[in-house]
Amino acid sequence: MQHFSISYYDGKLSVSHDATLTLMSDHWLIHYVDELEELQSVKWKLENITTDQNFTTLLIFRYGDFPQQTIECKDEVLLPALNEKYPAKVFLEKKLTHIFRKNNAILVSMVLFLLALLAVAYLYIMPFVAEKIASNIPESVEKRLGDSIYDGMIAGYTVDDSLTRAVNDFAKSINFKTAYPITVTVVKENEVNAFALPGGHIVVFDQILLKMKSKEELAALLGHEVAHVHYRHSLKSMFRTLAGYLFISLLLNDINGIAAVLADNSNMLVNLTYSRELEADADKKAMTVIQSNGISLKGFVDLFQLLKNNADAAGQYEILSSHPLTDERITYAKAMAREQTGIRDQSELQRKWVSIGIK
Ligand SMILES: [Zn+2]
């Protein structure tokens, strides 16, 4: 009969008793002297003994539900002795371990599920909500955001003051049917591009202007960019893309933080591309507006042709974002131009076009 020195906790007192453990065929016997100096004998039925998963040389066994008794044993001989005496009972692979493993699997699946939920939220719900928020931002706030984005980005360009003046004068002759105050800035850039900022700023690269042959093309380009402003396409796109940052700023109710995030990322507007639907929406709105101004829609055909011919230079930019769908846009514009009625004399616009001075 083997005896082992153990520490025994009866589950009622937090102090342990020095005790001896005797291994019987279907139970364990624990003997100790209690605080009244009386010898106590405790019987643990083998089938109800559990063990803690442990990674030390300290063996821990538990018994009963409540109050749960515990044995701790540092005797290294105990484990081989247990395995020898009860070969059928694997003492370090007990109930608790099983429960732990089962829970672990549940835990892992829950964590994975939560991660998936977060990913879905991050990829789909947050951009969606961000876009909704973008739609509901008051115009005055949008204007402020647009101004700070503009200030942040325009410093990186060389503004052509005289072209800027002339094109703004030109734009004033067209009723764009939008509440946004439209301000055009022409910058000296050797690429064919133009884009809209939230709140009414439109940036036009001088290269695209210099390639134009008629006032109708410029009217079409401005009409298209104004439509992006009007529908808040750039604001929504930025919000979608930067949803994560913006949410934090919104949570902190920090408009200046939002402005800073947008301004920091203002260069994304230069390379921003819109979906085919947004481009089609912008074209459609622009054509309606240009038509109601009595200006020929042939400008759209020529503009798209210009873009197509300069696809290498404009390939990655907003204005050509639907490339290689440019042919589709040309076809659509041609059809609209064919059916157009009510073209009016545009002598004032013509005069302003001439004063822009493009040969
Ligand atoms: Zn566009």
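In the predicted model, three strands form an open sheet of mixed pairing, in the order 8-10-9. Strands (E, at least two residues) and helices (H or I, at least four) are DSSP runs, numbered from the N terminus, and two strands pair if DSSP finds at least two bridges between them. Strand 8 (183–187) and strand 9 (194–196) are the edge strands, each pairing on one side only. From one strand to the next, the twist averages 15 degrees. Strand 9 and strand 10 (residues 201–205) run antiparallel and are joined by three bridges; the bridge partner of Phe 195 in strand 10 is Val 203. Residues are numbered from 1 along each chain as its sequence is written. As the model is predicted, local features need pLDDT of at least 70 and side-chain atom pairs count only at pLDDT 80 or more, whereas totals for chains, interfaces and linings use all residues.

Helix 4 (residues 161–172) lies across strand 8 and strand 10 and runs at about 145 degrees to strand 8. Angles run from 0 to 180 degrees between N-to-C directions, and axes are lines fitted to C-alpha atoms, for helices over the stretch in contact.

Strand 1 (residues 3–9) pairs with strand 2 (residues 17–23) in the antiparallel sense over six bridges, and Leu 21 in strand 2 is the bridge partner of Phe 4. Strand 1 also pairs with strand 7 (residues 69–73), again in the antiparallel sense, over three bridges; here Thr 70 in strand 7 is the bridge partner of Tyr 9.

A helix pair was also examined. The axes of helix 6 (residues 215–230) and helix 11 (residues 276–292) come within 8 Å and cross at roughly 120 degrees. Helix 6 is therefore oblique to helix 11, where angles under 35 degrees count as roughly parallel, over 145 as roughly antiparallel, 65 to 115 as roughly perpendicular and the rest as oblique. In this contact, Ala 219, Ala 220, Gly 223, His 224, Ala 227, His 228 and His 230 of helix 6 meet Ala 282, Asp 283, Lys 285, Ala 286, Val 289 and Ile 290 of helix 11, two residues being in contact if their C-beta atoms, placed from the backbone, lie within 7 Å. The contact residues comprise seven nonpolar, four polar and two charged; Ala, Val, Leu, Ile, Met, Phe, Trp, Tyr, Cys and Pro count as nonpolar, Asp, Glu, Lys and Arg as charged, and the others, Gly among them, as polar.
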